[in-house]
Amino acid sequence: MATDEPPTKKKKTVGSVSPSLLIDEKKRLLVENKFLVKMPEDFYQFWTFLHELNSEDPNNILTPFDLSLGGPYDVLLGKSSANDDDYLLHHRFYYDMPEFQTVLLSRKEGSQYHIGYYRDSPSEDPVFLASSDSSQGCKLTVLSDNIFAAVLSYLQGSEYKSKPKGKQLIAKLEKFTAEHGYECGKRTKKIRAREKKIVSKGFHGAGIVVPVDDNEVGWREVPRSIGELKKIFMSIATCDKNKDASSDELQELITYVQFANDECDYGQGLELGSDLFCYGDDSLEGYVKALMPMAYSLLGYSAFERIILAHLNNRSRNTNSYLSHS
């Protein structure tokens with residue numbers, strides 16, 4: 001926020017930005033109120049970084065690399081909607097759980113590749129950024145814990161790293177991360193700390209973290225391996241000869257979740273519900289609706305509960321763009 005005092009020279013630290021470059025507070029509140037989560041400081045710093053390179057069209061900096069700003073960035077670009085649910089659905093792809101918020105997406109025709117922040121709780125900062133290609137399934141590939149390093153990882157793993165514009169942007173990103181103390185790489189200190197809290201890898205592979213107290217109350221294991229769950233889900237989805245037995249087995253697992261909920265082990269319902277969601281078959285969505293909203297409600301994650309309900313009511317395999325310039 002601008003002040004009347006002359007700027008003083010200070011050593012740059014993570015989260016520090018020149019006062020004259022801070023995003024208008026109204027925009028920050030609008031993003032938070034519409035997307036139901038508070039975006040981290042590096043999200044806004046990246047916007048400022050792009051704006052300094054091209055004040056007329058910050059988004060144009062990423063065009064040569066087949067990337068575009070998306071999700072909450074579109075609010076900063078002046079896009080909006082009269083329907084609040086449109087913000088929750090904007091650039092939310094088929095396999096995107098409420099924990100995942102798209103901020104960058106591929107410009108390639110028909111591509112469903114996108115990059116987003118992942119947070120374990122709606123009230124906490126994101127723990128990492130990951131890439132996902134919904135045309136290939138639910139897998140999340142962790143890139144780094146800040147958007148500068150995530151874009152750097154994207155560029156370094158692409159065809160653009162050896163091209164002049166790619167080299168220039170890589171150099172600028174490396175300089176920025178060094179000056180502001182951001183870690184690069186897929187296993188930063190923050191990400192390694194989270195790895196110790198993971199209770200299950202889940203179908204998406206990035207891990208599930210839920211609050212667990214000193215008495216280990218908060219989570220209990222789903223008594224089936226990922227491979228066994230996939231066989232059960234496939235049997236139901238394909239209506240094979242074992243469908244009835246598989247349906248009975250899944251119903252038994254849901255009964256276990258109910259017992260777990262009674263004893264405050266809410267993570268089991270989240271794990272089973274997210275695995276069903278990530279399997280991604282329409283025939284299983286009734287089970288998802290029975291498990292995931294309840295899990296988020298019991299965990300006190302009301303924002304995630306609202307997001308999953310909006311998504312399940314409008315779940316589509318298309319690239320969903322709901323905001324536009326008025």
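This is a predicted model: local features need pLDDT of at least 70, side-chain atom pairs count only at pLDDT 80 or more; totals for chains, interfaces and linings use all residues.
Helix α1 supplies the largest share of the lining of the second largest pocket, namely five residues. Two elements, α1 (25-35) and α2 (41-53), each give two or more residues to its lining.

In total, 23 residues line the second largest pocket. Met39, Pro40, Glu41, Asp42 and Asp125 lie nearest its centre. By class, the lining comprises 10 nonpolar, three polar and 10 charged residues.

Helix α2 also takes part in helix packing. Two packed helices are described by the angle between their axes and the distance between the axes. The partner of α2 is α6, which spans residues 164-180. Their axes lie 13 Å apart, and the packing angle is about 135°. Angles over 145 degrees count as roughly antiparallel, and those from 65 to 115 as roughly perpendicular. The pair α2 and α6 is therefore oblique. The crossing of α2 past α6 is right-handed.

On the α2 side, the contact is made by Gln45, Phe46, Phe49 and Leu53. On the α6 side, Leu169, Lys172, Leu173, Phe176 and His180 take part. Six residues of this contact are nonpolar, two are polar and one is charged.

Key. Residues are numbered from 1 along each chain as its sequence is written. Side-chain values use heavy atoms; hydrogens and water are left out. On a 1 Å grid over the protein atoms alone, a cavity is a set of points where a 1.4 Å probe fits but cannot get out, and a pocket is an open set with protein on both sides within 12 Å along at least five of seven lines; lining residues have an atom within 4 Å of a point. Helices (H or I, at least four residues) and strands (E, at least two) are DSSP runs, numbered from the N terminus. Ala, Val, Leu, Ile, Met, Phe, Trp, Tyr, Cys and Pro count as nonpolar, Asp, Glu, Lys and Arg as charged, and the others, Gly among them, as polar. Axes are lines fitted to C-alpha atoms, for helices over the stretch in contact, and angles run from 0 to 180 degrees between N-to-C directions. Angles under 35 degrees count as roughly parallel, over 145 as roughly antiparallel, 65 to 115 as roughly perpendicular and the rest as oblique. A crossing is left-handed if the near helix is turned anticlockwise from the far one by less than a right angle, and right-handed if clockwise. Contact means heavy atoms within 4.5 Å.
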